[in-house]
Amino acid sequence: MSRPGVFLGGLLLILLCSPVFLYRLGGPGLADPDEGRNAEVAREMAVAGDWVTPHINDARYLDKPPAFFWAVACSYLLFGFNEWAARLPSAICALAGIAVTFWFARRHLGEAAGWLAAGFLALSPLYIVFGRIVIFDMMLTLCMTASALAVYVAMEKEDGPPSRAACVVFFAAAGVGTIVKGPVALVVPALLALTWAFARKRPALLGRLLWGRGMLIFAAVVFPWLGLVSLRNPGFLRYALLGENIQRMSSNKFETGRPAWFYLTVLLPGLFPWILYPAAAAVMRLPGLLRRRAPAAPARFTAGPVSFAAVWLGVLVVFFSLIVSKRPSYVLPCAVPVALLAGHLWAAAFTEKTPGGARANLRAGSAVVALCCLALAFGCALLGPGGFRPEAINPRYAGILARAGLFGMTALGLVLATVVIGLGWRARRTGVLLAGAVLSFAVMVPLTRAVYGMIDSQRSSREISRLLSERLGPEDTVVSFEEYRPGLNFYLRRPIHQVTRAGRIFTSNYIAMHLEEYRGDPSFRLIPQDGLGTLYREAGGSVYILAPRKEYDALFKMIGTTLRPLYEDDVAGLFARPEGAG
């Protein structure tokens, strides 16, 4: 395909994928704490004009670098302070990641593989979720993807001098990723380059990345902000390196530790069904690989984009499994190599003229997908028409579990997907198998949207803020008791006072670790426990207090009276003075 054809193909792909990430992007409210916090930090940056030191609730927020906040703040300046503008940078990065995947797969695996890999990425649940929320990880994934693909382009350029363009992309993308979320954006692609060089048994290939010039590019991207923020906030560099990175990787200080197998519970549903096809192909190849290990037939590594994608996936999974801190968002970059592997397998099956090889691997994966669909259908039938209600289920899930009809329709859809896959499997029709795979994803969408609605009602501050905005005057005070919902700041456009006995202050590890330093700032809105009663009695205007349901008794005891409830959801309630009081 010519360059204009590639450009038009990529543009068409983005147009086709845009509804997945842009449709009703601003519909749900911002979920606390993550979305509300990130959206509010960016809002305060845009309002105050401080593009060096991020703030939340007017307090310095140095838990994360600013690049993602810059993007969201610029989106606000263009489109206003709303949910759609807050989520737009993540959606744009998701679409850019699809375009980059299409370019690489089309160039190195063929036209069909390019379209299939990009489509599979766009239809990966984990990728869709993080492409529609206000969080750093989609932008970080785009940077790490660009760096990883530059590794292959630079190291596999056999003729002529090293590709300077690929080296610039590698280090520039790693630099941007570093000021998005930290040095992991350089560490992981560098580990990939090292692993690939030794897998190829050619360590000299590492030199093709031009490390000397490249680190100058990396420094030019990272150091201007790093130098400015360190000058304005002494001690930041120590916290960023030791606290947010080394301690997070090596200890459970931030209570995010998980077992080593945790990411299996994320990747299997998060990249369903596409991850099952290359996984089944790997299992099918295992007996042959074991036979090759005999002395008479030594194993031979075959270089190429497929092997690179497999090594890339392995590096990501092993690295993030070994570090102590684990969160679902950390393995979002795995979506790209999985899409490449699945796209190559499906493309090979479509073009294979004789049964066997790719088609056999594809049929094995399809059988696994069909079994998973049946298992999911059984579970949906139990939770829906079956009326199964385990007592251990958290009461906050009662709303979604009450929608028996939705679960029943999902179960029927999954059974239909199984039937379609079975027909394609029996007739050996690759196109029918693909239709069944897409259907297995599509039938889960209505249930997923219902879950989004549940999260909106339970974790968003939008409804509480609407109620408060009708009552708040300039002299009134809003207090969060034993919890902090940063979405309140975003929706009310004003600071929130906090009362807490323990825990993270304003959802910030940095503030919690530097609390004594912050206490000397008169604008810091942390109220001591014994000061809540004084504020309640002496405030010039009304005082509105948000508290978790489990903390009601402690709140009333601290105030010395029962308060008037204004709002309550499954998590917390909003209170004010009783009528006629004070």
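Buried means under 20% relative accessible area, exposed over 50% and partly exposed in between, with a 1.4 Å probe and protein chains only. Ser 75 is buried by this rule because its relative accessible area is 5%. The model is predicted, so local features need pLDDT of at least 70 and side-chain atom pairs count only at pLDDT 80 or more, while totals for chains, interfaces and linings use all residues. Residues are numbered from 1 along each chain as its sequence is written, and side-chain values use heavy atoms, with hydrogens and water left out.

**Ser 75**
- Ser 75 is in helix α3 (residues 67-79); helices (H or I, at least four residues) and strands (E, at least two) are DSSP runs, numbered from the N terminus.
- Leaving aside residues up to four places away in sequence, Ser 75 touches Gly 80, Ala 85, Leu 88 and Pro 89, where contact means heavy atoms within 4.5 Å.

**Helices α18 and α20**
- Helix α18 (residues 404-427) packs against helix α20 (residues 445-459) at about 150 degrees, and their axes are 9 Å apart.
- Axes are lines fitted to C-alpha atoms, for helices over the stretch in contact, and angles run from 0 to 180 degrees between N-to-C directions.
- The two helices, α18 and α20, are therefore roughly antiparallel (angles over 145 degrees; under 35 is roughly parallel, 65 to 115 roughly perpendicular and the rest oblique).
- On the α18 side the contact has Leu 406, Phe 407 and Thr 410, and on the α20 side Pro 446, Leu 447 and Ala 450.
- Residues of this contact are 5 nonpolar, 1 polar and no charged; Ala, Val, Leu, Ile, Met, Phe, Trp, Tyr, Cys and Pro count as nonpolar, Asp, Glu, Lys and Arg as charged, and the others, Gly among them, as polar.

**Aromatic pairs**
- The whole structure has 34 aromatic pairs, meaning rings of Phe, Tyr and Trp (its six-membered ring) with centres within 6.5 Å; planes under 30 degrees apart are stacked, over 60 edge-to-face and the rest tilted.
- Phe 170 and Phe 171 form an edge-to-face pair, 4.7 Å centre to centre with 80 degrees between the planes.
- Trp 196 and Phe 308 are also edge-to-face, because their planes are at 90 degrees, with ring centres 5.3 Å apart.
- Trp 196 lies in α9 (residues 184-199) and Phe 308 in α14 (residues 305-322), so this pair ties together parts 112 residues apart in sequence.
- One aromatic cluster holds Trp 103, Phe 104, Tyr 152, Trp 196, Phe 308 and Trp 312.

**Charges over rings**
- Arg 363 lies over the face of Trp 425, 3.8 Å from the ring centre; the criterion is NZ of Lys or CZ of Arg within 6 Å of the ring centre and within 35 degrees of the ring normal.
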